[in-house]
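Biologist: I am new to this one. Could you show me how to read it, feature by feature?

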Amino acid sequence: MATLELKGLTKRFGAFTAVDGMDLLVAQGEMIALLGGSGCGKTTTLRMIAGFTEPSEGTILVDGTDVGRIPPYKRNIGIFFQNYALFPHMTVFENVAFGLKLQKCPKGEISRRVEEILTLVKLTGLDRRYPRELSGGQQQRVALARALVTRPSILLLDEPLSNLDAKLRLEMQVEIKRIQRELGITTIIVTHDHEEAVSLADRVIVMNEGRILQIGTPQEIFDRPASPFVADFMGFSTFLHGRAGGPPREGKRPILCGERTLWVAQAAAEELGSDEECLLAIRSENMALAGEPGENVFPGRVESMTYKGHTTRLEVSGCFDEPVFPALREIPGSKEGDEVLVHFPCQKICVYKAENN
Amino acid sequence: MDDRRVNWLCRVVAGLVIIFLVAPLAVIVIASFTPTALITFPPQGFSLKWYANVFQGSTHFMEGLANSLKLGLIATGIDVFLGVFAALSVCRYDFKGKNALLNYFTSPMYVPSVAFAFVLLQVYSQIGGVPGMARLLIGHLVIILPYIVRNTVSVLHVFNWTLEDAATSLGAGPAQVFFRITLPLAKPGVLAGALLAFLYSFDEVALSSLLSTPRFVTLPIRIMNYMELTFDPTLAAISTLLIVASLVLILLMERFVGLDMFVK
């Protein structure tokens, strides 16, 4: 239960800067996700908070106190490791009790607290098993219980859902959130998976090359990425080059994409000067097939169709110079090679200045 | 050739190899029970008198055994300490020349022990007055170290170092991490290495024969000396006892560690 503050946190490995002047304030009980691809500096940040890696510059404050000189084994930070890192030579009970034994807790209290935490992660009755005798999901719960039982001031989760199958992911997602709420523990998740980030966190921090690109609620990051890079990372599939054209009308602005005019929300295109080059991004699920021509409806040809279970993803060419990739909830009647009309809802289009690209 | 014939051929070859390995030992074991003064096979009659002879003070075998055990245990004990830390330093940290360092630690395996003994002999004669036990101990410390380093490295090579981070985050200081996590998990390799090292020290002849003094003689050297003067079935009896002792040791290891450690 603590606040965490990073001030100008920087880590260099030789000439390579892994984390570059990172500033961040995490409120008590907040759940934050550090999101980025491999090498973006998220893991280095996590290791610096844990104390395994020494920052080159900057400070880490827990509850306002600089923890830079405190060794990792005295920081009282719980860590959930991606590969769980359960001690293979210890039973579930011994794994969970490890931290408490080091704290010299009396025996009675150890068994009481272990039992308590195993109940919380729904793992009662398995305390005499060894990690190798557990399923992946159970191992993960043990790892979580072990990280939580010592009542750490901050909890760090490294790719908590990445090793699980789809069904278990959903289950654990709910579990982790429930447990985090119940304990009110300040939590930082490190992940490369935007779904994991938006489903768990109160705030998402998108990182690239050691820098923060955007901080926002999952909704903000998901719907209004701050840059084309973030949009790409958040799963935006369709990117169109265009140029601002004509005066705004009814809160919308026209963008010229080749020979076509696409209307976007004026609020989204506020920063765009007249005639300025721009890049538009739109999410697959936000495009739809239209029955008849209209505003922001353009004809194109279906190049390919990929059935994805709950959606069908099309590749449509001819609407613009670039192909577009609508994802449809219902299986369309059309097939490959058919002419279709695609609707681009103007409120769902993100607009970026071209030089941001 | 079809599979059946290959299979058949394999069995024959395997059988021959086993016979080749076991037959001489079997001959020794059986011959040790002969009542005759010379080793004969098959033995004429049955007697345990040569076994009794092994334990007689006049043969000095027990004295040699005590020396060998003392030497082997002390050398192995010191080398477990040195070898485990050598292996840890090579495996845990990434640095330039770590492979060269590992090869250096294991190089005594490839240097002829006679050459090494000769060098040590020179050094001892320069210093003068080095006691017999120390003369052998220093030599054995060097030549058995590779077995401990290599076996420990083979375990640490696939060690999940995140476990150390996990223990650290739970409040374990460096020493606690080592004794509660790293060492227990590396134990199979350390024990296997220690056993091999001990057996090597216990069995060592070349180096010991050059370095030992009349006042400190190990069992293999004692057996060799005995062989030069007398060639009676006492030798078969003590060989049999050593075979049995090795078997017991291996079985104990198999029970506690698992033999697959040795195959790596």
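Predicted model: local features only at pLDDT ≥ 70, side-chain atom pairs only at ≥ 80, totals over all residues.

Biologist: Into which domains is chain A divided?

Modeller: Domain bounds come from an automatic or database domain assignment. Here they are domain 1 (4-231) and domain 2 (237-356). Their C-alpha centres lie 38 Å apart. Five residues of domain 1 of chain A are in contact (C-beta atoms, placed from the backbone, within 7 Å) with six residues of domain 2 of chain A.

Biologist: How do I read a nonpolar core?

Modeller: In soluble globular proteins, nonpolar side chains tend to be buried together. A nonpolar core is a set of buried Ala, Val, Leu, Ile, Met, Phe, Trp, Tyr and Cys residues joined through C-beta atoms within 7 Å. Buried means that 20 or more other C-beta atoms lie within 10 Å of a residue's own, with C-beta atoms placed from the backbone. The largest core has 104 residues. A:Leu156 and A:Ile188 are among those with the most contacts inside it. Helix α4 (residues 136-148) of chain A gives the most to this core, six residues. Both domain 1 and domain 2 of chain A supply at least three residues each. Another core, of 34 residues, lies apart from it and includes B:Ile143 and B:Phe202.

Biologist: Which residues does A:Leu156 contact, beyond its neighbours within four places in sequence?

Modeller: Among them are A:Leu46, A:Ile77, A:Phe80 and A:Ile188.

Biologist: How many residues of chain A touch chain B?

Modeller: 18 residues of chain A are in contact with 15 of chain B. β6 (77-80) and α2 (92-102) of chain A are the elements that give two or more residues to chain A's side. Helices (H or I, at least four residues) and strands (E, at least two) are DSSP runs, numbered from the N terminus.

Biologist: What does α2(A) pack against?

Modeller: Its buried residues pack against α3 (107-120) and α4 of chain A. A:Val92, A:Phe98 and A:Leu100 are among those buried. Just after α2(A), A:Lys104 takes a positive phi of about 60°.

Biologist: And how do β1(A) and β2(A) pair?

Modeller: Two strands pair if DSSP finds at least two bridges between them. Strands β1 (residues 4-13) and β2 (residues 16-26) of chain A are antiparallel, over seven bridges. A:Phe13 has A:Phe16 as its bridge partner. In this hairpin, with two residues between the strands, A:Gly14 takes a positive phi near 60°.

How values were computed:
Residues numbered from 1 in each chain as written. Chains lettered and ligands numbered in written order. Contact = placed C-beta atoms within 7 Å. Buried ≥ 20, exposed ≤ 12 C-beta atoms within 10 Å, placed from the backbone.
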